[in-house]
Amino acid sequence: MGTNGNGRSGGAKMNMEESDCNNDMESPELDFVYDDCDSQNNEIAELYSYTEHPEFQLNVKAFEEVMEEFSFPPSWQRLSESHRRAVVMKLLEYLDIVISEIRTRAARCILYLAQGCWAEMQSDTEQALWARRNIFLLYEMGIFPAFVELLQLEIAKSQTSTISSRKLAESLADSTDLRVILSVLYLITEHMRTEKGNANSEYVHLVKLFKEELGTHYGEELLPVQLLNMITQLCAGSSPNFPMKKVLLLLWKILLVYLGGIKELKEKKTKLREQYGLPSIAEDTLEVVKGMRASSPPPSAVDILENQNPVQRKKIMLKESERAMRRQTFMKQTSMDESDEQLYVDKEETGNGSEDYSMEFQSMSNDGSQNSNQNCPYYMYFKQLDSPPPPPPPKSLPWQSKVRQKDIDNFLHNVRIKFIGYSLPGDRQTIAGLPNPIHEGLEVLKKHIYTSISEIQIEREIEISRSPLTKGEKDIEETETELLYREMLPNLPQYMIALLKILLAAAPTSTAKTYSMNIMADLLPEEMPMTVLQSLKLGIDVNRHKEIIVKAVTAILLLLLKHFKQNHIYQFEYMSQHLVFANCMPLVLKFFNQNILSYVGAKNSIPIFDFPACVIGEQPELTKECLDIGETSVPYSWRNVFSCINLLRILNKLTKWKNARIMMLVVFKSAPILKRTLKVRHALMQFYVLKLLKMQTKYLGRQWRKTNMKTISAIYSKVRHRLNDDWAYGNDVDARPWDFQDEECTLRACVENFNRRRYITGPITSVRKYIDTEWAPVDTNINDVLDINIELDEEFKENYEIWLEREVYHNESFESRLYANGSKTM
C-alpha cells in the first residue's frame, strides 16, 4: 500500500485484487464515533507540519531574549500574575512597532506562551494546563484583535510582494510570519471551542465575549469572510505563499465557535419547530445509527474457488482483463478517472447474478491458530463454523416512516382521476366517491405526515411572491448565520469554486497534473531531504498534510450547508446550486473511486513527531525504528473516516429530492463506486451510502436490483421509508437528466427572487449591485432629476465635442421623424 493511503502501487493488477480481497475479509468493525472534531490534543497536533519542528526552538529563543530585555528571569512559571500581565502588555506594544523583526520576535514570544511554555514543562498534561491558562490570559489582554490586525497587514503585504517578485516554488520561508500569526489565532479559537462545552468553566464570560467578537467586523469584513478571501486569492494565484492548511483549520474552528456544531444545530432546530408550531422530532439520525450494527462482506463461492485454485484464478483474471479492455475501447470517456478501478467496476457489474458481500453477515474474529492454510483470507470462516450465530436482527425497523403533504396531494390527485374522472386542485378534505380502502390509506398517510421547516419557508416565499404588498417581508432575525450569509453572498460562487479546487488538489486520487495551485507552500522546506529516512518522513508529512486539508474543507462545506438550510432553505439552495455548478458531485465520486479501505486505514502520522511530544523530553535521532514508535492499534485514521462521512453527507444534501441531480449520479455510474464504499464496516458511513443508492435504484433497472438483492435488503432494513415511495419496484430507466431540468430552472428562479428581495445590495451575479426596481418608487420630478450630480470620466470629457457631433447633431431622433411624418400628412 502506498504512503498516501489510497492503496495504489506499481504492482500487477492481480496483486492489487488479492490485497483488496484480504482487506475485505480482515477489515474489523470500526469503533469510530462521529463528532464535530477530534480530541483537542489531536486537533492542535495537526496544526503543525513535521517540517516546522526547527521553528519551535526559535520561539523559545525569542521568549528568552524578550524576558532578558524586560529584566525578568526566562521562566514563565516563576513570574507572578501581575508580572505576566506586564509582559503581555509590553509584547502588545512591540506588535505596533514598524520594524518587522521586532514584531516577529514579539509574535513568536506570544506563540510560545500560547503553546504552554513547553520548554519548562515535564509532561504533556502540565503543558496542556499552562497552555489553557496562558490562552485565556492572552485573550483577556487583547491579543486576538491585535493578531487579526497583523493578519490583515500580512495579507496586504503578501499581495504586493508576490506581484513584484514571483518564485518558481514557494516554501516554508515564504510564509513564516503568516504561520506564526495563524497559529496564535488557531490556538485561541481551539481552546475557546473546547471551553464552550464546559458550562462550569471559570472562563464562560470570555467564551461568550469571544463569540460576540467574531460577529463584529474587523475592518470592513467578518473574520470568516477574510479567511475565505485568502482561499480565493490562493486559488487565483495572486498569493501563492498563503499557508492554506492553517487558514482552512482556523476557518473551520471559527465557524464551529461562531455558528455552533451538532449540539447547537439540534437545539436551534427544536426551537424553530416550536416557533412554527410544528411537533418536535423524537429521532436523531446520529443517535439512531449508533444503535445499528455495521455489515460485513462475506466471501462468495466464486471467490473461495478462485482462491483455492490460483492457476485457474490467474486465467480468469486474464480473461476478465481482456474483456475489460475490449469494453473500454468502445466505451465513451467519462469525466472521472476510472482507469485504475475499471476492473473493480466490471467485476461488480457482471458478477453472475451475485454480490461481492452480504449486508447481513457478521464477521468472525480469528483466534490466532497457526495453520498453514492461514494465508487464505477465508480460512477463519471455515475454522470457526462452530462459533455462536450472530444476534437476531431487531423485529422493527429503526426509523418511523414519513410522508410529505406533497405526496398526499399527488396520491389524492391520482385516485380522483382514476375513480371519479376529475381532480379537485387545492382540496385536501373531499373524499366522496372514493372506495373505503382509499379512505383507510389516506388515514395511514395522514398519521405519518411530516412537515419540515423548509416546507414552511417555501410556502411563505410563495405567499410573498403572490402578494408582495400585503404579505411582504417581516423583520429578519439577525442571527449569526444570517449575518454570515449576507457577507458571503457577493462572492459565494467564488468561495465554493476555491474550496472545491483545494479539495481536488488534496484528494488522494489526484495527480500533479489535475491542479494548478500549490497547497504545499507551508510544508516543503527550502532544502530537499538528503537521506532515505528524511525522504520517508517528508512523504508521510505530505500525505498527512493532504488528509488534514481534506478534513477541513469537507467540515467547512458541511457546516455551512447545515446552518444555511436551518436558517432559510433558499440560502442552502443557493450554496448547493453553486456546488453543483462547480462539479462537486463528480469530484466526490472521484474521491471514492479508490481503494477506500486503504484510505480509511492509512497511517500517515508519526506520533513521536506530533506536538507536544516532539518538544517535551529528550528527542531521539531520526531512525527507522523511531518512525514506528507510538503507533496505535486503532485500525483506522480518525480524520479519514471523518472526511469520508462528511463527503457522503454533502452528496446526500445536494441530491435529496432533486431528480436531475440523482440522474447525474446514474450518469456518472456511481452505483459500483458506492457499493465498494460499503466494505468499510462503519454503520454511519454505510447508512449514508445506502441512502445514495436508494435514491437511484428505480433508475438502474430490474437487472441491477436482481443482482443486488442483498443491497436492496440492507436499504430496506437501515434507511427510512417513505410510505408511497416506489424506490424498490419503480422503473424509470429511460429518464435523462434534461427531463428534470424544469425543476432546476424553477428552483433557480425562486432563489434569485429571494436574494433580490431580501438583500437589497446583494448581487445575483458576483459583480453588479442593484436595488429592487420592481417595487421601488419612481421620482418623476424633472427638477430632482436635473439636480442629480453625474460624474464623468476624463476620457469622456476630452471627447465631449466628438460625442455631441456623433450622438446629438447627426443622430436623427424619434421625435424628429415623428414631426417630419406629421408635416407630410398635413
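Before you click, note that the model is predicted: local features need pLDDT of at least 70, side-chain atom pairs count only at pLDDT 80 or more, and totals for chains, interfaces and linings use all residues. Residues are numbered from 1 along each chain as its sequence is written, and side-chain values use heavy atoms, with hydrogens and water left out.

**Stop 1: the pocket**

Select L272, Q275, E477, T479 and N567. Of the 38 residues lining the second largest pocket, these lie nearest its centre. A pocket is an open set of points on a 1 Å grid over the protein atoms alone, where a 1.4 Å probe fits, with protein on both sides within 12 Å along at least five of seven lines; lining residues have an atom within 4 Å of a point. The volume is about 1,100 Å³, counted as the space filled by probe spheres set on the points, which are joined across faces, edges and corners.

Now colour the lining by class. You get 10 nonpolar, 10 polar and 18 charged residues. Asp, Glu, Lys and Arg count as charged; Ala, Val, Leu, Ile, Met, Phe, Trp, Tyr, Cys and Pro as nonpolar; the others, Gly among them, as polar.

Several helices supply at least two lining residues each, including α12 (262-275), α20 (453-466) and α23 (532-567). Helices are DSSP runs (H or I, at least four residues), numbered from the N terminus.

**Stop 2: helix α12**

Select 262-275. Which residues of α12 are buried? They are L265, L272 and R273. They cover an arc of only 100° around the axis, so they sit on the same side of α12. That arc is taken from the directions from the helix axis to the C-beta atoms. Buried means under 20% relative accessible area, exposed over 50%, partly exposed in between (1.4 Å probe, protein chains only).

Turn to the face away from the buried side. K263, K271, E274 and Q275 are exposed there. The buried residues pack against α20 and α23. Just after α12, find G277, with a positive phi of about 75°.

**Stop 3**

Go to K551, in helix α23. K551 counts as buried because its relative accessibility is 0%. Beyond four places in sequence, its contacts (heavy atoms within 4.5 Å) include D38, E43, W252 and S643.

Finish on S643, in helix α27 (residues 638-655). S643 is also at 0% relative accessibility, so it counts as buried. Leaving out residues up to four places away in sequence, S643 touches E547, V550, K551 and T554.
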